[in-house]
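Good morning, and thank you for coming. Please look at the sequence and the model first.

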Amino acid sequence: MGIRRDSPKNSPRKKTTLKHLFDLDPKPYVGSPFPSPRRGGGGTDYEHDGILSAISYCTSVFTFTDPQESPSQQDLKRLKLMDVVSLLKSPKKPLHEQLFSPLMSMVSVNLFRPLPPPSKTSIVSALPDDEELSTFTPLWPHLQLVYDILLRLVLNVDSKKLKDYIDHQFIRNLLYLFQSEDPRERESLKNVFHRIYSRFTSYRSFMRKAMNEVFLHYVFETEKHCGIGELLEIWGSIINGFGVPLKEEHKLFLMRVLLPLHKPKGLQVYHRQLAYCVSQFVQKEPALGGVVVRGILRYWPITNCHKEVLLIGELEELVENIDPDQYRTLALPLCSRITRCFSSCNSQVAERALYVWNNEQFVKMASEAMEEVFPVVVEGMERNLKLHWSKSVKQLTENVKAMLEEMDPPLYDKCLREIHHRESEAHREQIKRQQKWDQIETAAAKHSHFLQPTKTICVSSH
């Protein structure tokens, strides 16, 4: 998925020389955005030429890594970009339509570039606790201003006038840039992309499908993408504007895109944004709670303890928005998963699962199916009290056990009796198996001479 520059057309890149610089800007820069008009009637034309000159100079791209590049020319480009920004911020008069093409061409030349290969810390750098490990692009002094220019164009210019320049290919190129490892660039991209979505209403369906393709490519093919969190933030705002009842298209997005996003190992990077999107769906239609809970249980991690902690918290929040009519059908699968979690050898997972029982809605849901839930939960707690290595987990288990005993003492005692009965039955079966093995070993010892290999003597003829 690479960058294409089909629209808008770009002028060929030239190597900037000092002579070329003076030809483009005959007047020295004195701090004003653009040269003052000459005397006579040609002032407006001269100012227009000055703007075009600045835009033309800004189409030269600096890498900031080439030792042959001139720092003074880099600074001069930054100043000219600032001049263009100040022009777009000026409320005095609207931007001339003849400037749209060179401006969008300059934006495309600067933004749409090949990205460097991802570093080994690309996933780690997106974690909130490891921001110092983020990879920052050296181009940012210029890119920041270019993104500001693009944002001003999208906000201040009529969308109909920009449709010739901001087309489907332009949007695909913007989506490609979300793979940048620089969080500052992704934040700017998020703002621009969201503004385009809000202002270019005819592009909304295409933009949603394009983002979904990025998600599916990430989940089922690469599991490598730095901008999933930012794209989900955009989707969170979009979902917030959905009307009720939800369209079938949006429900399919929940089931086929959002729920599978719980599967990748990089979930912790974007889980906050993902959980917000999912909760928005359940808040708008609580009947979707059953689909969501079963989907999350389907993608439950096996060995990733950090993901387990995150998903336990998400399930706890979802329970508060689920339609109460679904409590009985969801109680057993949810409580079974929580029971396996508080029996985990990882103390963080076990403690987080036990804290779920402090949630009133979760306890209310469990009480809707006491006969099915209690045998599973009680067995897990008794096993915890006997075998778990952590003292804090055992203490929390004691607290939850006391609470459940108060809820229905006869049922709890019944579950304990059944547990003891199953344990005694299992013990008797174990004794029977051991006795059978002893009989087999005794019989084998009596007839051991039949089992001994025949000894042969080899006589050599030499």
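A salt bridge here is a side-chain nitrogen of Lys or Arg within 4 Å of a carboxyl oxygen of Asp or Glu. Helices (H or I, at least four residues) and strands (E, at least two) are DSSP runs, numbered from the N terminus.

The model is predicted: local features need pLDDT of at least 70, side-chain atom pairs count only at pLDDT 80 or more, and totals for chains, interfaces and linings use all residues. Residues are numbered from 1 along each chain as its sequence is written, and side-chain values use heavy atoms, with hydrogens and water left out.

Are the two partners buried or exposed? R208 counts as buried at 12% relative accessibility, whereas E249 is partly exposed, with a relative accessible area of 40%. Buried means under 20% relative accessible area, exposed over 50%, and partly exposed in between (1.4 Å probe, protein chains only).

A second pair joins E230 and R186, with the closest N and O atoms 3.3 Å apart. E230 belongs to helix 10 (residues 228-240) and R186 to helix 8 (residues 183-199), 44 residues apart. E230 is buried, with a relative accessible area of 12%, and R186 is buried as well, at 5%.

E423 sits in helix 20 and K386 in helix 18 (residues 370-387), 37 residues apart. Here E423 is partly exposed, at 38%, and K386 is exposed, at 52%.

How many salt bridges are there by this rule? The count comes to 15. E187, K190 and E233 are linked in a network of salt bridges.

Let me close with the chain as a whole. It has 21 helices and zero strands, and 46% of its 462 residues count as buried. Among contacts (heavy atoms within 4.5 Å) between residues at least 6 apart in sequence, 75% join residues at least 24 apart.
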